[in-house]
4 protein chains.
Amino acid sequence: MWQDKLQEECGVFGVYNNNEFDTSRMVYYGLFALQHRGQESAGIAVNNNGTIVYRKEMGMVADIFDDNVLDYLNGHSGIGHVRYSTTGSSLVENAQPLVIKYTKGHMALAHNGNLTNADTLRKELEAKGTIFQTTTDSEVIAALLSRARIKYNSIEEALVEVMSIIKGAYALVIMTPHKLIAARDPFGMRPLVMGKKEDSFVFSSESCAFDALGVDLVRDVDPGEIIVISKEKGLESIQTNKKKQSAMCSFEYIYFARPDSVIESLEVYEARFRAGKVLFEEHPVEADVIVGVPDSGLGAAHGFAAASGIPLVDGFMKNRYVGRTFIAPSQGLRELAVHLKLNPIRSQINGKRVIMIDDSIVRGTTSRRIVNLLREAGATEVHVRVSSPPVKYSCYFGIDTPERENLIASTHSLDEIRDLICADSVGYISREGLLSTFKGAGCEFCTGCFTGNYPVEIVDEEAKGCQ
Amino acid sequence: MWQDKLQEECGVFGVYNNNEFDTSRMVYYGLFALQHRGQESAGIAVNNNGTIVYRKEMGMVADIFDDNVLDYLNGHSGIGHVRYSTTGSSLVENAQPLVIKYTKGHMALAHNGNLTNADTLRKELEAKGTIFQTTTDSEVIAALLSRARIKYNSIEEALVEVMSIIKGAYALVIMTPHKLIAARDPFGMRPLVMGKKEDSFVFSSESCAFDALGVDLVRDVDPGEIIVISKEKGLESIQTNKKKQSAMCSFEYIYFARPDSVIESLEVYEARFRAGKVLFEEHPVEADVIVGVPDSGLGAAHGFAAASGIPLVDGFMKNRYVGRTFIAPSQGLRELAVHLKLNPIRSQINGKRVIMIDDSIVRGTTSRRIVNLLREAGATEVHVRVSSPPVKYSCYFGIDTPERENLIASTHSLDEIRDLICADSVGYISREGLLSTFKGAGCEFCTGCFTGNYPVEIVDEEAKGCQ
Amino acid sequence: MWQDKLQEECGVFGVYNNNEFDTSRMVYYGLFALQHRGQESAGIAVNNNGTIVYRKEMGMVADIFDDNVLDYLNGHSGIGHVRYSTTGSSLVENAQPLVIKYTKGHMALAHNGNLTNADTLRKELEAKGTIFQTTTDSEVIAALLSRARIKYNSIEEALVEVMSIIKGAYALVIMTPHKLIAARDPFGMRPLVMGKKEDSFVFSSESCAFDALGVDLVRDVDPGEIIVISKEKGLESIQTNKKKQSAMCSFEYIYFARPDSVIESLEVYEARFRAGKVLFEEHPVEADVIVGVPDSGLGAAHGFAAASGIPLVDGFMKNRYVGRTFIAPSQGLRELAVHLKLNPIRSQINGKRVIMIDDSIVRGTTSRRIVNLLREAGATEVHVRVSSPPVKYSCYFGIDTPERENLIASTHSLDEIRDLICADSVGYISREGLLSTFKGAGCEFCTGCFTGNYPVEIVDEEAKGCQ
Amino acid sequence: MWQDKLQEECGVFGVYNNNEFDTSRMVYYGLFALQHRGQESAGIAVNNNGTIVYRKEMGMVADIFDDNVLDYLNGHSGIGHVRYSTTGSSLVENAQPLVIKYTKGHMALAHNGNLTNADTLRKELEAKGTIFQTTTDSEVIAALLSRARIKYNSIEEALVEVMSIIKGAYALVIMTPHKLIAARDPFGMRPLVMGKKEDSFVFSSESCAFDALGVDLVRDVDPGEIIVISKEKGLESIQTNKKKQSAMCSFEYIYFARPDSVIESLEVYEARFRAGKVLFEEHPVEADVIVGVPDSGLGAAHGFAAASGIPLVDGFMKNRYVGRTFIAPSQGLRELAVHLKLNPIRSQINGKRVIMIDDSIVRGTTSRRIVNLLREAGATEVHVRVSSPPVKYSCYFGIDTPERENLIASTHSLDEIRDLICADSVGYISREGLLSTFKGAGCEFCTGCFTGNYPVEIVDEEAKGCQ
Ligand SMILES: Nc1ncnc2c1ncn2[C@@H]1O[C@H](COP(=O)(O)OP(=O)(O)O)[C@@H](O)[C@H]1O
Ligand SMILES: Nc1ncnc2c1ncn2[C@@H]1O[C@H](COP(=O)(O)OP(=O)(O)O)[C@@H](O)[C@H]1O
Ligand SMILES: Nc1ncnc2c1ncn2[C@@H]1O[C@H](COP(=O)(O)OP(=O)(O)O)[C@@H](O)[C@H]1O
Ligand SMILES: Nc1ncnc2c1ncn2[C@@H]1O[C@H](COP(=O)(O)OP(=O)(O)O)[C@@H](O)[C@H]1O
Ligand code: SF4
Ligand code: SF4
Ligand code: SF4
Ligand code: SF4
Ligand SMILES: [Mg+2]
Ligand SMILES: [Mg+2]
Ligand SMILES: [Mg+2]
Ligand SMILES: [Mg+2]
């Protein structure tokens, strides 16, 4: 119940302030809007005429920064980061942005994604004498950048070289004394958008952060693109080795991104709503009511309702206070305590045949508990519909997935899943169905965790979570 | 935007553990489920063979208690409290439960509500030499109880006398060395329910806390009832001066209580859903979509949709991380930053005639901002429907209401309100309509803040928030 | 080693500011100078036109207050308190000053000492219905004062009555909306001095706090005296039932008070120095060097050296960082770790016959360890000289003494003590000798813990530590 | 008053545990004994079979570590560090030990001293692409070590090369998966001693940390020596380019080190005591009493007393609670508030001709205040004697000295100094006199800050404080 989800990764944000805006507060509110992408640590670094001051800590954005700190973080450009990580690397040392000194002065980096050849690159760098103080990909990128910078006349030329070496998924924001740089991997696996407010440029993992700030969404940073903002030249774009086919993570639409974000010109909610429609077409079922599992199942539930005509009801109250510091009940109380997070609203369920819609099934344990909640609340039938295809493979691109043997769809048949989660029927959207929900998006898609076909070569098997 | 709501008050919880349950963790999870009733401070006191140990602090339940503290809070009975308060009295000294020593040993009290003659009683007590260390009603009650206890043979007899003296709204849980006592004011204005788990008795402001713990809801504590739990006699009930008509706060159903709670045998969500239906009957309007303002407007929105046949859509993404430590934007950014808390989902709104449903309008500023959000997102018309009657009067029973001159409905006509909040039309549910939604509840209702007719005499004008 | 001392109690401080001084900072620096009287909790309360604002917390003065808090604690009068307590009552609820509301408004009290009939008085008050929220004597005094105030026209008349009821040792500072009041018990057992800075009045447990603030020491508050400062009448003095003989705690000079303080016109250091001289006269011994146990044995060591002509050397380095948060070594390392606090300076000891001077021997364990330190460092003989008589009885006046069976002098002969602490000889100052060191002080002395003859009747046996 | 001293730098500690000792607690108590060498941050890293776990934070040793943390820091070897730094670099990022991953696994480093060519080395490394995340010398050393390690078969061979490159003062402790290494710069400017407890090896900046742990002092690590401890080979020593003359910092004896430490076979207190004697010989004066300024002037004061026959008295009470969190009084109260830290004991001073002895005069402001304290307390004459020669030059070896223009002896004559500090006479020990106090020490001495003649070339002027 507590962690049976693919785990989101990180969020990045950057501002190049050509107006009189309050840089650190822009980053603060931006990160606040991206908080769902990582609740473990957060950081803000600002550039005050070449000197970078920063603050990064374990915890949530609102707990780390207060007015004093934001006043202190005074500068004309700034970047920020929110981070989630697997327990093993929950060290404050790994918090981002990474702030370094290199031959051309100070630099700060924030990274979302995962390099698939990070270990190999680390070993190569170590073999040349490099030392590492964190386990983040940002540090690998910084080490490569710094070495490359010696050979080239500019940081962007160095970045071009580095991008030819690193493999995997990345959305990067880099701040140097005079520039703000944004870059995306050649497949465009992680989202990164550019916005403008008056004369100032803003980058963000998701556009929802722009709405919060009155920033206009200009466009997505392109796969393989490097965008450089500087005082002298304004905006420059460098297109590196773009792939024939891009491969945006389809789970960004299915689950990770905020519904109100627009990624590659497609609103996330729109895609989820369509997925509900497709689900109905692919797996219709007779029932009295539709229940979306809040919050991630609600978009598809609306779509299913619109398509089927079956009424959507509020089946659950989700306790909004479940967070990092909450003490999860120990074994004895665990089964019971599913109610702590999600409690059924009996009047909407009792005596009804229910279609329960969720975004995905990972281990299956949570789904079983939720189905049982519905039955306890009086549901006579529970038909589970899932707005993503069966998750059968690990992700190597910045998403924390369980070992394959723990993915229920990897080890069980559909019928077995239905029985294991105590449902009367179960229906997953098909890969094609899913892809059809992305119509209008200006990109192609990764579906690696469903099919095992990844867009990028996986060099180092073990690295998976957001680094 | 940040505080334009009637403010909830407090929540109480108590366990008399006749089994081998973990008392402090039961209280912890109970309070966690009641967190919405107060986020300012929380406390747990347990009774370990007559010695009361406790912990109370400013902050949220999950931040105050950890495994060490819960292990330390070891006892066979326990009570807890969550508190909201107006800024003026945000002192840790006011956190509850109040733990005192009196002539019969230690005692702990937790209180939800507001005494309307507290100031008068304080002055009377002070005139007799009593000193006060907090500004809570609990301390007044404790002082009265302790004095009364001298004259009577038991704490419950003393409580009978005290309940004949104090006026106003209260749901009380009291723990003495050998007893756990629950009591409700004669009008039953604040909710208080009793549950059982095996041989153990549990009290809570709301039944949602029982679901979290596998406790069976037995019944509501009756208006004017005192329930005493002890080892020797099990459960005893004393019925004091019950009123002919009870007067449960109607806002508990409209807004405060959790939708999944059952109060006086009526599920809160059910009442909200019905309110949507009534709203449609009273104020129908032609439109393309219905949008509930999350979370409090969603129940009525579902009801309105069911009654009208107009589709309900997800109009807003609500940022779940807005909390106490969040830095609200200063004046310059404020208008903009409404998006930080609530961001429209454009695809659902754009080009549509929208019916926007919320639970109440207090000052009107928030409603204006939300209407404008919808217009910015492309709504062609915005019709506001409100599932409570116009709020025109202050509450004296534990709910924090603004001064009357700040209640928009107190100073403006319906047409003025419509214009002030930039709506195309506005419709409030009628008092009768509202009361019809409570059908099946085992009580009558207070509607004082709509009508100015209060069930109880208001002795001391100034005391309003939860004490 | 870590706690083998009589434990000091509390310190009080008060300012009635008739100038433009910064009240809260005066109290802050005053408490800082009194920190040695209690390191467990501290508090400051100020009177801002009848409203009392305050802050009290567990911890040391410098850790609790910062500039923000001191700015917030703005007022024309203020009182403060530092507190030590035995573990059992280490609750923040017991921190002082106690701030209450009573029939005449707000009042704050700070108390040093111990009432010997507190339990009796509590029970009497409880029997009349009073509730208690702390275990401090301050609360008993406040409850009595508040009741008495009803009968009299002024707080000072009420205090006269209360002082006829309470027994034991107390130095009190009380702040009401218009007055600052200081009072001492009829035997004057705990010190309390009055000072003036321009037109402002200051009270303090010790005069060292005046030096820090440029306050002139005016005189000691007299035993049984009440001094009232108000705007209208300036200073008023009321002399209550003064005893024929006063009984200042002799341990204040021996150990508790700061050497630079002047109590009853006698400088503490002066008394300690004289004690060294007397010790030499009473217990001369041939030796090479004198070593004072830092810091409390140094004054007497200087006196012994001056009288004997034997050179005083620096025998020990005392680690200044040993404090509350330090993790004392567990059993295995304990013997060893005496070096953590006190380490011998070998060059001064090696090969020498040493006279080791300390202020007192309580359990004897520490003395044994220190003697052994000297022997390990090469001392050929160790002669222990103690500047207080054998401690054989408990104190009931605000000093935390071990149970009698743990007082080495209560259960062992001089020869046994010598052997137990591994000394070659041991010599205690005599009671008469001690009293002779107080020549010039304007008072008589308590020597209860040496003789068992207490100046006051001990009503409630169990209460001993500072309340 | 608050900072008018040369500022100590850092302390290092290391354990290679071949017994069943508790590694982390040994480091904890060791650092605790070294706390005087740095109160800004502290850290402990332990080696648990090749995995290094660590904790480092701003603050004092006793505040950072508790039993839980020490239990978690479980390993067979461990190193620790305490750090002081100038405000500019007070970042937690700079706290040590530095923990890195390099080609041979994890490594932790702790450093005391200052490299005089660090900036040059950084620039060279940056020019080769190295990135830096801190401003510590440790990071420079780690980067060099890691690069060198590629060329050599062992870390110690790499260290030999690195030590041929780095210039300046350093006492280093390095922990690798299988080794514990200690090294000192070729001039042996900073102290570093080796001890043994049963089969385990311990290193420490000062021997006082050994006393606390029952560790036997074996010897000093030699200038230019590298000592390697490993399971297989036990202890190995490598002697690198030792200089003809070593140059131990003379201020370690004068002021920094703890009096009970033995450095290069000479007890620090002994040297201080002798300095008092020499001072008397060089600058005799008639007077009634001698007062040492606590604590740093006390050793010399004892020596002066022994030589002159003039009695040494306790002239001052030093408030032991002055620490980092203490709020220093703002300008208005500053002059006054010298009493907060140091208060005269009047009885010892009044009417006396006083010889005041301190270890050094830096800016002169503190000396003036202390002289004035004595005069206010009634001293009729004040003769200042200083146990170090005039400080006229900056230090580049890990000691934080003010700019030269702020060193009173750099800009003023002796007569001017006497007048500026309000003394009747002033006398400094001569350089020769000082050197004579070091008789018996197994090394030669740096006196750079007195003479401007430094043992090492100063490559990078600006780097001075401990890095
Ligand atoms: N733990 C909870 N999780 C979700 N909703 C809750 C929870 N507790 C209370 N609620 C409901 O949330 C509503 C208030 O939330 P919302 O409308 O989002 O905030 P606001 O106070 O800004 O109006 C109430 O109607 C209440 O019934
Ligand atoms: N700030 C936010 N407020 C509300 N929903 C959000 C927010 N950020 C992200 N979301 C959405 O919440 C969903 C995840 O929430 P939910 O399903 O309730 O939790 P869980 O992680 O347990 O599945 C995601 O689909 C995401 O799009
Ligand atoms: N833990 C300790 N306890 C007591 N004295 C110490 C300790 N550590 C170091 N010292 C000594 O304290 C002296 C510095 O203290 P002091 O003179 O009181 O402070 P200041 O830094 O203000 O001069 C140094 O000479 C040092 O040798
Ligand atoms: N702020 C202070 N600084 C130095 N000494 C103090 C201070 N306050 C009190 N003292 C003296 O310190 C002595 C106690 O210190 P010491 O003997 O070192 O500790 P212990 O409590 O272990 O005996 C007392 O005699 C007291 O007079
Ligand atoms: S494998 Fe799955 S989760 Fe990972 S990037 Fe591809 S679609 Fe996204
Ligand atoms: S006045 Fe309104 S808010 Fe107050 S108790 Fe009555 S219905 Fe509830
Ligand atoms: S009994 Fe001893 S410690 Fe207590 S007041 Fe008397 S002299 Fe002081
Ligand atoms: S210059 Fe002075 S402080 Fe620096 S190392 Fe040399 S003697 Fe020590
Ligand atoms: Mg979900
Ligand atoms: Mg709402
Ligand atoms: Mg002592
Ligand atoms: Mg000094």
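**Terms and what backs them**

Reader: How many salt bridges are counted between chain B and chain A?

Author: The count there is two. A quick word on the ground rules: this is a predicted model, where local features need pLDDT of at least 70 and side-chain atom pairs pLDDT 80 or more, while totals for chains, interfaces and linings use all residues, and side-chain values use heavy atoms, with hydrogens and water left out. Residues are numbered from 1 along each chain as its sequence is written, with chains lettered from A and ligands numbered from 1 in the order in which they are written.

Reader: What makes the meeting of D295(B) and R320(A) a salt bridge?

Author: The rule asks for a side-chain nitrogen of Lys or Arg within 4 Å of a carboxyl oxygen of Asp or Glu. D295(B) and R320(A) come to 2.6 Å, N to O, so the pair passes that rule. D295(C) and R320(D) meet in a salt bridge too, again at 2.6 Å. Over all chains, the count comes to 93.

Reader: What makes the pair of E126(C) and K101(B) one that crosses between chains?

Author: E126(C) sits in helix α4 (residues 118-127) of chain C, and K101(B) in strand β5 of chain B. Their side chains meet in a salt bridge at 3.1 Å, N to O. Helices (H or I, at least four residues) and strands (E, at least two) are DSSP runs, numbered from the N terminus.

Reader: How do you know how much area is buried between chain B and chain A?

Author: Buried area is the accessible area, taken with a 1.4 Å probe, that two parts lose on being put together, summed over both. For chain B and chain A that gives about 4,400 Å², with carbon and sulfur atoms giving 60%. On the chain B side, F32(B), Y321(B) and I327(B) lose the most area to chain A, together 16% of what that side buries. As for who takes part, 56 residues from chain B and 56 residues from chain A are in the contact, where contact means heavy atoms within 4.5 Å.

Reader: How do you know which chains are not in contact?

Author: No contact joins chain A and chain C, whose closest C-alpha atoms lie 12 Å apart. Chain B and chain D have no contact either, with their closest C-alpha atoms 12 Å apart.

Reader: Why are β5 and β13 of chain B called edges?

Author: Start with the sheet: six strands in the order β5-β6-β7-β8-β12-β13 of chain B form an open sheet with antiparallel pairing. Two strands pair if DSSP finds at least two bridges between them. β5 (98-102) and β13 (234-239) each have a single partner strand, so one side of each is left without a neighbour in the sheet. Neighbouring strands are turned by 20° against each other on average, direction ignored; axes here are lines fitted to C-alpha atoms, for helices over the stretch in contact, with angles from 0 to 180 degrees between N-to-C directions.

Reader: What makes β8 and β12 of chain B a pair?

Author: Five bridges join β8 (residues 179-184) to β12 (residues 225-230) of chain B, so the pair meets the rule of at least two. One place to look is A183(B), which stands opposite I226(B) in β12(B).
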